[in-house]
Amino acid sequence: MFGPRKERSQLPSVRTAVVGASGYSGQELLRYLARHPVFKLGLVTSRQSAGQPLSQFVHGLPRELGALTFVDAAPELALGEKADLFFLAVPHGTAAPYAVALREAGKTVVDLSADFRTTDPAIYKEFYGHEHPAPVLLKESVYGIPEIHRKRLKSAKLIAAPGCFPTSIILPLAPFLCSGWIEPETIVVSSLTGVSGAGRKVELRLLFGEVTDNMYTYSVPKHRHLGEIEQELSLAAGGKVTITFVPHLVPIHRGMLSTITAKLRQPKTEADAQALLQEAYGQEPFVEVLPPGQMPESRHVAHSNRIQVAARIDDRTNRLLLFSSLDNLGKGNASQAIQAANLAFGLEETSGLA
């Protein structure tokens, strides 16, 4: 009645594992990997959920993936025998031991924690409060924003997937710092994030009764993502950049909106700003430069690997105004990690994402 089944074209597969797959980032990775044409998921780990099938945690997966069970796999076990590509979706400080063992086994590692985002171990200690757990690997780590580090990512074996705040700030600002438009010391950023950005954990300030009908700032004035943000902005500017950054938690599950301001060195028009953004990102598949009159909205990028950016000029104060929105679990984390991994394996950058 339905005719013969058509066989799907056979593509060379890459054995793939997700370490720490029961958290929000891990679950998001599973959803994207379930439809990836090359990265074939065969191992998922979780100490708390060991022995339980994926289908109990992530709904809508293909039957064969849903039947996979979480395993409790410590870093010292021979995980390298199980896969060739490893996504580490575990908290900072706990990812490094896995990365060390897996790199010694010659495996490609994409770390979604903060362990390898900063190249200077002193910066890591400043923002995370302890010595870096594997400083020797910092030399080979590549910061995983493809639009900024595409060339290096193509040969990367250890990818540091960026945080959501950094992605929402670095991408809009980088072209204007590279071109010398703004005075770096005047950069001020205000960002709003959904509750899932804090991870899947039980904490009083993250309970429904505390978050609903409420908004608040946190980690002021020194959020731990500042280290990687200022590192990447300094690279774009060709000199040290220090910014003011104020994050806010708002009562939504996922989503992020950032507002960035900086003083212009010379008067510019909105047409100039629009042209610069188009020159930088007009051909990028996952960066949407909004036309004049439109502003980013979190719902327009939810459950996607896209980021919206827009620019305005405040003539009264001679300041550049930048705006961005992204999904903190997508372009701000899991899907961007897959985008970077696509580059590392010589695949189309949009594989499994478009």
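User: In this predicted model, are E147 and K331 buried or exposed?

Analyst: Both E147 and K331 are buried in this predicted model, and under 20% relative accessible area is the cut-off for that word. Their side chains meet in a salt bridge, with 2.9 Å from N to O. E147 lies in helix α5, which covers residues 146-153, and K331 lies in the loop between β13 and α10, so the pair ties together parts that are 184 residues apart in sequence.

User: What should I have in mind when I read about a salt bridge, and how many does a search of the whole structure find?

Analyst: The general idea is that side chains of opposite charge can pair when their charged atoms come close. In this structure, a search of the whole model finds 16 salt bridges. One of these pairs is E28 with R254, where the closest N and O atoms are 2.7 Å apart. E28 lies in helix α1 (residues 24-33) and R254 in the loop between β9 and β10, so this pair ties together parts that are 226 residues apart in sequence.

User: Why do E28 and R254 count as buried?

Analyst: E28 counts as buried because its relative accessibility is 4%, and R254 counts as buried because its relative accessibility is 15%. Salt bridges also link E28 and R254 with R31 and D327 in a network.

User: Which residue forms a salt bridge with R117, and where do the two partners lie?

Analyst: R117 forms a salt bridge with E228, and their closest N and O atoms are 2.9 Å apart. R117 lies in the loop between β4 and α4, while E228 lies in helix α8, so the pair ties together parts that are 111 residues apart in sequence. R117 is buried, and E228 is buried as well.

User: How do I read the backbone, and which peptide bond is cis?

Analyst: The general idea is that most residues other than glycine have a negative phi, and most peptide bonds are trans. Here the peptide bond from V220 to P221 is cis, with omega near 5°, and P221 is found in the loop between β8 and α8.

User: What is the phi of H303, and what is the phi of N318?

Analyst: H303 is not a glycine, yet it has a positive phi of about 60°; its place is in the loop between β11 and β12, and H303 is exposed, with a relative accessible area of 55%. N318, which is not a glycine either, has a positive phi of about 55°. N318 is found in the loop between β12 and β13, and it is partly exposed, with a relative accessible area of 24%.

How values were computed
Residues are numbered from 1 along each chain as its sequence is written. This is a predicted model: local features need pLDDT of at least 70, side-chain atom pairs count only at pLDDT 80 or more; totals for chains, interfaces and linings use all residues. Side-chain values use heavy atoms; hydrogens and water are left out. Helices (H or I, at least four residues) and strands (E, at least two) are DSSP runs, numbered from the N terminus. Buried means under 20% relative accessible area, exposed over 50%, partly exposed in between (1.4 Å probe, protein chains only). A salt bridge is a side-chain nitrogen of Lys or Arg within 4 Å of a carboxyl oxygen of Asp or Glu.
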